[in-house]
Amino acid sequence: MDYQLYAATYCPFCRKVINFMEKNELDDKIDILFIDKDDRYEKELLEGGGTKQVPCLHFGDTWMYESDDIIEYLKENLL
């Protein structure tokens with residue numbers, strides 16, 4: 001399954017998820033898409049997830065928000 005993490009460079013909650021991914025060597029399994037660096041990613045997030053809230057983990061038909069929920073999902077499914 002392909003995973004994308006929509007994030008923003010200024011977001012501390014995004015940094016929390018990214019730090020977890022790096023610590024657990026998941027950053028090579030999940031594409032990190034910064035919405036403040038590429039308008040295309042912001043548009044994808046808004047169209048797919050319905051809001052510009054970050055962080056957002058996208059996989060399949062799922063758009064998962066909230067850093068703690070994302071980290072818990074990663075622990076249970078990718079570690």
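Tutor: A definition to begin with: Lys and Arg count as positive and Asp and Glu as negative, while His and the chain ends are not counted. The place of a charge is NZ of Lys, CZ of Arg, CG of Asp or CD of Glu.

Student: OK, how many positive and negative side chains does the protein chain have?
Tutor: There are 9 positive and 18 negative side chains. The centres of the two sets lie 4 Å apart.

Student: Where does the model come from?
Tutor: This is a predicted model, where local features need pLDDT of at least 70, side-chain atom pairs count only at pLDDT 80 or more, and totals for chains, interfaces and linings use all residues. Residues are numbered from 1 along each chain as its sequence is written, and side-chain values use heavy atoms, with hydrogens and water left out.

Student: What secondary structure does the protein chain have?
Tutor: Three helices and four strands. From the N terminus, the order is β-α-β-α-β-β-α. Helices (H or I, at least four residues) and strands (E, at least two) are DSSP runs, numbered from the N terminus.

Student: And the overall size?
Tutor: The C-alpha atoms fill a box of roughly 30 × 25 × 20 Å along the principal axes.

Student: What share of the residues is buried?
Tutor: Buried residues make up 41% of the 79. Buried means under 20% relative accessible area, exposed over 50%, and partly exposed in between (1.4 Å probe, protein chains only).

Student: Now the strands. Which strands does E3 pair with?
Tutor: E3 (residues 56–59) pairs with strand E1 (residues 3–7) in the antiparallel sense, over four bridges. E3 also pairs with strand E4 (residues 62–65), again antiparallel and over four bridges. Two strands pair if DSSP finds at least two bridges between them.

Student: Which residues stand opposite each other?
Tutor: Tyr6 stands opposite Cys56 in E3. Leu57 stands opposite Met64 in E4.

Student: What lies between E3 and E4?
Tutor: Two residues, and the two strands form a hairpin. Gly60 in the turn has a positive phi of about 55°.

Student: Which way do the side chains of E3 point?
Tutor: Cys56 and His58 point one way, Leu57 and Phe59 the other. All four are buried.

Student: Why is Val54 called buried?
Tutor: Because its relative accessible area is 14%.

Student: What does Val54 touch?
Tutor: Leaving aside neighbours within four places in sequence, Val54 is in contact with Tyr6, Ala7, Ala8, Cys11, Cys14, Ile35 and Leu45. Contact means heavy atoms within 4.5 Å.

Student: And Gln4?
Tutor: Gln4 is in strand E1. Gln4 is buried too, with a relative accessible area of 16%. Not counting residues up to four places away, Gln4 touches Ile30, Asp31, Leu33, Cys56, Leu57 and His58.

Student: Last one: which element holds Phe13?
Tutor: Helix H1 (residues 12–23). Phe13 touches Pro55 and Ser67, not counting residues up to four places away in sequence.
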